[in-house]
Amino acid sequence: MGKATRAAFGEALVRIGETHPRVVVIDGDLSCSTQTGKFAAAFPERFVQLGIAEGNMVSVAAGMSLGGMVPFAASFACFIAGRFEQIRVSVGYNNANVKLVGTHSGVGIGEDGYSQMGLEDVALMRSLPNMVVIQPADAAEAGAATEFLADYVGPAYLRLTRQSVPDIFDDRYRFEFGKGVILREGSDLSIVASGGVVANALEAAERLSQEGISVGVVNMHTIKPIDLQLLDELAASTGRIMTVEDHSVVGGLGGAVVEALAETSGVSI
């Protein structure tokens, strides 16, 4: 039974806290929603609650990172995107070792409504210098990606779901930064998906197989830097790539794929 990637993130933070004494968590009055409250309960001396002041949260995180700490700063994806200027200057330009975490991304946030949907965050975050962008497909991958980021040095954006998503991987899964995961082989079409919609892509591929269409599915958990080698292989093997994402069609995974393959001939995107 699946669960929200934000829940797995909160659990991973507690595990990290036990082995990484320089990890701190900063929250903007959403610790129940972002699941950072689990870290706060376990390590109250390393948890900072700043209230509804996300711009200040970003600046404090940058300052703490430059002082040698490893801050995870979490809020809704739409609120993270809304503090772009602070992120651009304090985190991106400074190459600060800050892990920004945007939960409640995409349209699947239920009762929180459209004003809380993070639909532009990937476009903004991947435009920044030094910033990497990671979007896990399920709980196992979210936990593994969070643990990876505790040791990764540099700015990072981790994009998570509010809603539960189906399990794709088990506890044996190992996260490989910058490497897409081939979940299903296909010869007619390659679907490249990221985040909570990866499970939907797998379901679509199975339905299409019943109609005699061979569809491969790739989980592109790292949107920046994207796995260009794998994209080139997909373009060569099927000649057709379709992207599926929970984000605006402008600047998201689709844009990243098109940009990466801009000089590749003979591929329909």
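I started with β5 and found four bridges joining it to strand β7 (residues 156-159), the two running parallel. For pairing I went by DSSP finding at least two bridges between two strands. Helices (H or I, at least four residues) and strands (E, at least two) are DSSP runs, numbered from the N terminus. V101 has L158 of β7 as its bridge partner.

A note on what I'm looking at: the model is predicted, so local features need pLDDT of at least 70 and side-chain atom pairs count only at pLDDT 80 or more, while totals for chains, interfaces and linings use all residues. Residues are numbered from 1 along each chain as its sequence is written, and side-chain values use heavy atoms, leaving out hydrogens and water.

Next I looked up strand β4 (residues 70-76), which pairs with β5 in the parallel sense over five bridges. Here F76 has T103 of β5 as its bridge partner.

Then I checked cover. Five of the five residues of β5 (residues 99-103) are buried, meaning under 20% relative accessible area with a 1.4 Å probe, protein chains only. K99, V101 and T103 point one way, L100 and G102 the other. In a regular strand, side chains alternate between the two faces of the sheet.

Last, the helices. α4 (residues 54-66) and α6 (residues 84-93) pack at about 5°, axes 9 Å apart. That makes α4 roughly parallel to α6, a label for angles under 35 degrees. I listed the contact (heavy atoms within 4.5 Å): G55, V58, S59 and A62 of α4 with Q86, I87, S90 and V91 of α6.

Methods:
Buried means under 20% relative accessible area, exposed over 50%, partly exposed in between (1.4 Å probe, protein chains only). Axes are lines fitted to C-alpha atoms, for helices over the stretch in contact, and angles run from 0 to 180 degrees between N-to-C directions. Angles under 35 degrees count as roughly parallel, over 145 as roughly antiparallel, 65 to 115 as roughly perpendicular and the rest as oblique.
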